[in-house]
Amino acid sequence: MNTGIISQRYATAFLRYTQERGSAQRVCEQVRSLLADPHGFESGLDEDLELFIAFLTRKSRLSEVRFILNSYVSLYYKSIGVMLAKLTSAREVDSATVQSLCKVLEEHFRCKVNMSFEVDPSLIGGFVVQVGDYLLDASVKNQIETIRRQFVVQNNRIV
């Protein structure tokens, strides 16, 4: 069974439903916070989201709920002309750099970019930017791994 197809269908139907009811933005914000921290959710669920989760329970689709909700968020932002981007770097980046990167990405993709930021010391240096299916890995960790793979390939040829 293809989880991607299932999640897209349920997410598309749920997005249409919330757009018709005028609750799409509110539900999307709640879904994003729910996906970020499922155990730290203090307030009650939006009525539409609660009904949707009950529907998924009746259809025995709770095992795919994370995929469906992620698809919902992606489809929502796509419907309003915004792309989600994630910047991961080895250390904190100042807001001016993030804003200039957003500007470059907006010019490249010709739409508004909503940037989230994460620090990952394991990158050693550099950064990784993911916008939709586009991934730019300019990290030191990736460069070291590339050199390691080239070294292994060259040594296998010698032996």
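Me: What makes β1, helix α5 and β2 a right-handed β-α-β unit?
Reply: In this predicted model, β1, helix α5 (residues 95-109) and β2 form that unit. It counts as right-handed because, with the strands pointing away from the viewer, the path over the helix runs clockwise.

Me: How do you know that β1 and β2 pair, and in which sense?
Reply: Pairing needs at least two bridges. Strand β1 (residues 82-89) and strand β2 (residues 112-119) have eight, in the parallel sense. L84 stands opposite N114 in β2.

Me: What joins β1 to β3?
Reply: Five bridges do, and the two strands run antiparallel. The cut-off is at least two, so β1 and β3 pair. T88 has V128 in β3 as its bridge partner.

Me: How many aromatic pairs are there?
Reply: Five, with ring centres within 6.5 Å as the rule.

Me: Why is the pair F14 and Y72 called tilted?
Reply: Their ring centres lie 4.9 Å apart, and the planes stand at 40°. Under 30 degrees would be stacked, over 60 edge-to-face.

Me: What does the pair F14 and Y72 tie together?
Reply: F14 lies in helix α1 (residues 3-21) and Y72 in helix α4 (residues 65-79), so the pair links parts 58 residues apart in sequence. Both F14 and Y72 are buried. With F52, they form one aromatic cluster.

Me: What makes Y76 and Y77 an edge-to-face pair?
Reply: The planes are 70° apart, with 5.4 Å centre to centre. Edge-to-face needs over 60 degrees, within 6.5 Å.

Me: Why do Y76 and Y77 count as buried?
Reply: Buried means under 20% relative accessible area. Y76 has 8% and Y77 has 10%, so each counts as buried.

Definitions and conventions: Residues numbered from 1 in each chain as written. Predicted model: local features only at pLDDT ≥ 70, side-chain atom pairs only at ≥ 80, totals over all residues. Heavy atoms only, no water. Helix = DSSP H or I, 4+ residues; strand = E, 2+ residues; numbered from the N terminus. Phe/Tyr/Trp six-rings, centres within 6.5 Å; stacked < 30°, edge-to-face > 60°. Buried < 20%, exposed > 50% of the residue type's maximum accessible area, 1.4 Å probe, protein only.
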